[in-house]
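Trainee: I would like to go through this model, from the whole chain down to a single residue. Please take my questions one at a time.

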Amino acid sequence: MAQLYYRYSTMNAGKSIELIKVAYNYEERGKNVLTLMPSVDDRYGTGVVTSRIGVQREAKIVGEDTDILELFIKENEKRKIDCVLLDEVQFLKKHHVLELVEIVDSFEVPVLAYGLKNDFRNEMFEGSYYMLIYADKIEEIKTICWCGRKATMVARVVDGKIERKGAQIVVGGNDLYVSLCRKHYNDGRLGPDKLVE
């Protein structure tokens, strides 16, 4: 029975490499995978899922008005889709998540969606919120803070200082975000000798 999976973590936990690995495993067995990613994430070019270790995979772009169900149906008519993979799911809208649900429920195709749960202010992204509501399975991919504890927070760092306000969506990587445990997110410590506010 197909299910909707939500695999979340903070930054740098390996979500994109996990997605690429799953796609490879499906394709190695002769299965067809539909890979999707939001258009807002263009750090490595549009339509490219890229891990921090440099492995890449092409993906179809999902814009704010994209109907994922319609996109899936068109691709499924060309070749039978055995699995849908989606990176950066936090950037989706509610209607996108409901379209993913429809793919699972009506077409019996598993959907594995990877993304953040909370933003740099520790507020939910729209896509993450609805994934938590509708996902059949929710799995955490863990990474660690500089201190060795589990990282559960993402801090936005600009000019060496943690930002606590600002637009929810500012796409960036290690140049802009760092994963921290709750303690060091709250006290603003970015490393053993780096106390900032």
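The questions below concern a predicted model.

Trainee: How many helices and strands are in the protein chain?

Mentor: Both kinds of element occur in the protein chain. The count is five helices and 13 strands.

Trainee: Among contacts between residues at least 6 apart in sequence, what share joins residues at least 24 apart?

Mentor: A contact here means heavy atoms within 4.5 Å. Of the contacts between residues at least 6 apart, those joining residues at least 24 apart make up 74%.

Trainee: Is Val49 buried or exposed?

Mentor: Val49 lies in strand β3, which covers residues 48-50. Its relative accessible area is 0%, and the cut-off for buried is under 20%. Therefore Val49 is buried.

Trainee: Which residues does Val49 touch, not counting those up to four places away in sequence?

Mentor: Leaving out those sequence neighbours, the contacts of Val49 include Ser16, Leu19 and Ile20. Others among them are Thr35, Met37, Val55, Gln56, Arg57, Ala59 and Asp87.

Trainee: What is the distance in space between Val49 and Glu88?

Mentor: In sequence, Val49 and Glu88 are 39 residues apart. From C-alpha to C-alpha, the distance between Val49 and Glu88 is 9.2 Å.

Note on methods:
Residues are numbered from 1 along each chain as its sequence is written. This is a predicted model: local features need pLDDT of at least 70, side-chain atom pairs count only at pLDDT 80 or more; totals for chains, interfaces and linings use all residues. Side-chain values use heavy atoms; hydrogens and water are left out. Helices (H or I, at least four residues) and strands (E, at least two) are DSSP runs, numbered from the N terminus. Buried means under 20% relative accessible area, exposed over 50%, partly exposed in between (1.4 Å probe, protein chains only).
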